[in-house]
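Biologist: I would like to learn how to read a few features from a structure. Could we start with a sheet and go on from there?

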Amino acid sequence: MKRRSLIKAFALSATVVSLGFAWSAQAADTIKVGIMHSLSGTMAISETPLKDVALMTIDEINAKGGVLGKKLEPVVVDPASNWPLFAEKARQLLTQDKAAVVFGCWTSVSRKSVLPVFEELNGLLFYPVQYEGEEMSPNVFYTGAAPNQQAIPAVEYLMSEDGGSAKRFFLLGTDYVYPRTTNKILRAFLHSKGVADKDIEEVYTPFGYSDYQTIVSNIKKFAAGGKTAVVSTINGDSNVPFYKELANQGIKATEIPVVAFSVGEEELRGIDTKPLVGQLAAWNYFESIDNPTNAKFVADYRAYAKAHNLPNAATVVTNDPMEATYVGIHMWAQAVEKAGTTDVDKVRAAMAGQTFKAPDGFTLTMDQTNHHLHKPVMIGEVEENGQFSVVWQTDKPVRAQPWSPYIAGNDKKPDHPVKTAQ
């Protein structure tokens with residue numbers, strides 16, 4: 001009996017080992033892809049759609065056979081609009097989940113939180129949102145806009161006759177690194193155009209701020225001093241009460257134009273946009289762009305939303321950071337195929353010069369040296385239906401300037417990321 005028990009125990013152990021090997025083999029047949037976006041908290045309104053479009057893109061790639069013959073396996077984490085938690089989740093994705101790449105972050109403070117982790121562990125982050133520049137890392141590919149691909153052209157447009165010939169500028173933003181650095185650059189740019197400090201006002205509000213009555217009233221008072229435009233770097237769900245207050249106080253685009261850098265189709269969804277018609281946003285993509293590639297992108301996302309029962313699936317929209325996410329995932333997949341491996345150093349090298357035909361209507365290129373996409377620049381006006389009509393755009397993609405020429409000393413900065421990872 002003792003011998004039979006030993007034989008049974010050995011057989012059971014062999015089965016467990018066999019199952020373990022089978023599980024390991026199955027795990028090795030997938031490539032894990034991290035998706036790190038706030039699905040709760042103040043930034044959820046903006047970041048949740050990026051998670052959704054990332055999952056749609058992974059499904060699209062898997063339907064065509066995956067990458068290197070393996071299926072992509074998404075690993076979704078929610079840092080919950082908690083900036084230190086982003087760093088913790090990034091470390092989890094790289095060390096525990098063994099993600100080959102991570103697509104994520106929205107705010108610059110979240111990106112700055114995770115940057116030391118990616119550099120320490122030599123991970124790879126694709127960052128899909130416009131930002132303030134003044135940064136390059138060998139471990140980050142920036143698929144959103146640098147200031148010369150959004151902020152500077154937007155203010156130039158406001159100063160033009162078509163944009164209202166603004167002479168005074170009210171810079172209103174959420175109180176963190178992106179708005180403050182962007183406005184530092186814009187103030188220097190405005191100085192170069194002869195705009196004095198007395199004609200520039202800067203105001204910042206906390207994340208999640210909602211009481212804009214006094215601020216909007218002050219905008220009206222400031223505008224009494226001459227043709228005024230508002231440059232908004234408000235982020236997240238605070239955009240909703242801000243735009244509602246603009247409507248409450250009767251501010252019209254013909255009187256005080258507002259150009260936003262973090263308001264797209266998603267943020268306007270659910271707001272009565274009739275009083276906001278003509279207000280502006282500067283991006284590198286709008287859902288309303290009319291071309292076959294974009295038509296398919298929009299239709300595919302609507303179908304995905306319906307099939308996966310996303311909230312308000314019947315009214316989902318696409319926007320710029322969603323397109324940047326979509327482009328980034330496809331470019332990474334192309335680079336992995338080119339490299340023949342998910343090894344970060346080899347994929348990094350293979351990313352240089354990658355191209356992709358994007359929904360914005362252009363074939364976008366990843367710069368050979370600075371890890372930023374060449375992107376077209378577009379100014380859109382709000383329409384009654386919450387979409388944007390493009391009123392101005394560049395005729396070709398613009399190369400990013402991560403180091404703004406309006407910041408002293410930037411002419412001495414390197415034009416390629418310096419590897420600091422040990």
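**Reading sheets, a helix and charged pairs**

Modeller: This is a predicted model. Strands of a sheet pair through backbone hydrogen bonds, either parallel or antiparallel. Here three strands form an open sheet, ordered S11-S12-S13, with antiparallel pairing.

Biologist: How many bridges join S11 and S12, and in which sense do they pair?

Modeller: Three bridges, in the antiparallel sense; S12 covers residues 363-366. As one example, Lys-357 has Thr-363 of S12 as its bridge partner.

Biologist: Which helix lies across S11, S12 and S13?

Modeller: Helix H11 (residues 320-339), which runs at about 135 degrees to S11. Glu-323 is a residue of H11. Glu-323 is buried but has no salt bridge, and Lys-375, the nearest side chain of opposite charge, is 4.6 Å away. The cut-off for a salt bridge is 4 Å. Beyond its sequence neighbours within four places, Glu-323 contacts Asn-284, Tyr-285, Phe-297, Ala-358, Pro-359 and Asp-360.

Biologist: What does a hairpin look like in this model?

Modeller: Take strand S14 (residues 378-382) and S15, which run antiparallel and are joined by five bridges. Gly-380, for instance, has Val-390 in S15 as its bridge partner. The two strands form a hairpin with five residues between them, and Gly-386 in the turn has a positive phi of about 85 degrees.

Biologist: Where is Ser-389 found, and what does Ser-389 touch?

Modeller: Ser-389 is in strand S15 (residues 388-393). Leaving out residues up to four places away in sequence, Ser-389 touches Ile-379, Gly-380, Glu-381 and Glu-383. Ser-389 is partly exposed, at 24% relative accessible area. From Ser-389 to Met-378 there are 11 residues in sequence and 9.9 Å in space, C-alpha to C-alpha.

Biologist: How should I read the length and the faces of a helix?

Modeller: An α-helix has 3.6 residues a turn, so residues three or four places apart point the same way. Helix H6 (residues 177-192) has 16 residues, which at 1.5 Å a residue should span 22 Å; its end C-alpha atoms are 23 Å apart, in agreement. The buried residues of H6 include Thr-182, Ile-185, Leu-186 and Phe-189. The partners that the buried residues of H6 pack against are helix H4 (108-121), helix H5 (151-159), strand S6 (168-174), strand S7 (200-205) and strand S8 (228-233). Just after H6, Gly-194 has a positive phi of about 90 degrees.

Biologist: How many salt bridges does the count come to?

Modeller: The count is 16 salt bridges. In one of them, the side chains of Arg-168 and Asp-199 meet at 2.8 Å, N to O. Arg-168 is in strand S6 and Asp-199 in the loop between H6 and S7, so this pair ties together parts 31 residues apart in sequence. Arg-168 counts as buried at 12% relative accessibility, and Asp-199 counts as buried at 14%.

Biologist: Which side chain meets Arg-187 in a salt bridge?

Modeller: That of Glu-202, at 2.9 Å, N to O. Arg-187 is in helix H6 and Glu-202 in strand S7, so the pair ties together parts 15 residues apart in sequence. Glu-202 counts as partly exposed at 28% relative accessibility.

Biologist: Is the pair of Lys-412 and Asp-411 buried or exposed?

Modeller: Lys-412 is exposed at 71% relative accessible area, and Asp-411 is exposed at 66%. Their side chains meet in a salt bridge of 3.9 Å, N to O. Elsewhere, salt bridges with shared partners join Arg-111, Lys-112, Glu-132 and Glu-135 into one network.

Definitions and conventions: Residues are numbered from 1 along each chain as its sequence is written. This is a predicted model: local features need pLDDT of at least 70, side-chain atom pairs count only at pLDDT 80 or more; totals for chains, interfaces and linings use all residues. Side-chain values use heavy atoms; hydrogens and water are left out. Two strands pair if DSSP finds at least two bridges between them. Helices (H or I, at least four residues) and strands (E, at least two) are DSSP runs, numbered from the N terminus. Contact means heavy atoms within 4.5 Å. Axes are lines fitted to C-alpha atoms, for helices over the stretch in contact, and angles run from 0 to 180 degrees between N-to-C directions. The expected span of a helix is 1.5 Å times one less than its number of residues. Buried means under 20% relative accessible area, exposed over 50%, partly exposed in between (1.4 Å probe, protein chains only). Lys and Arg count as positive and Asp and Glu as negative; His and the chain ends are not counted.
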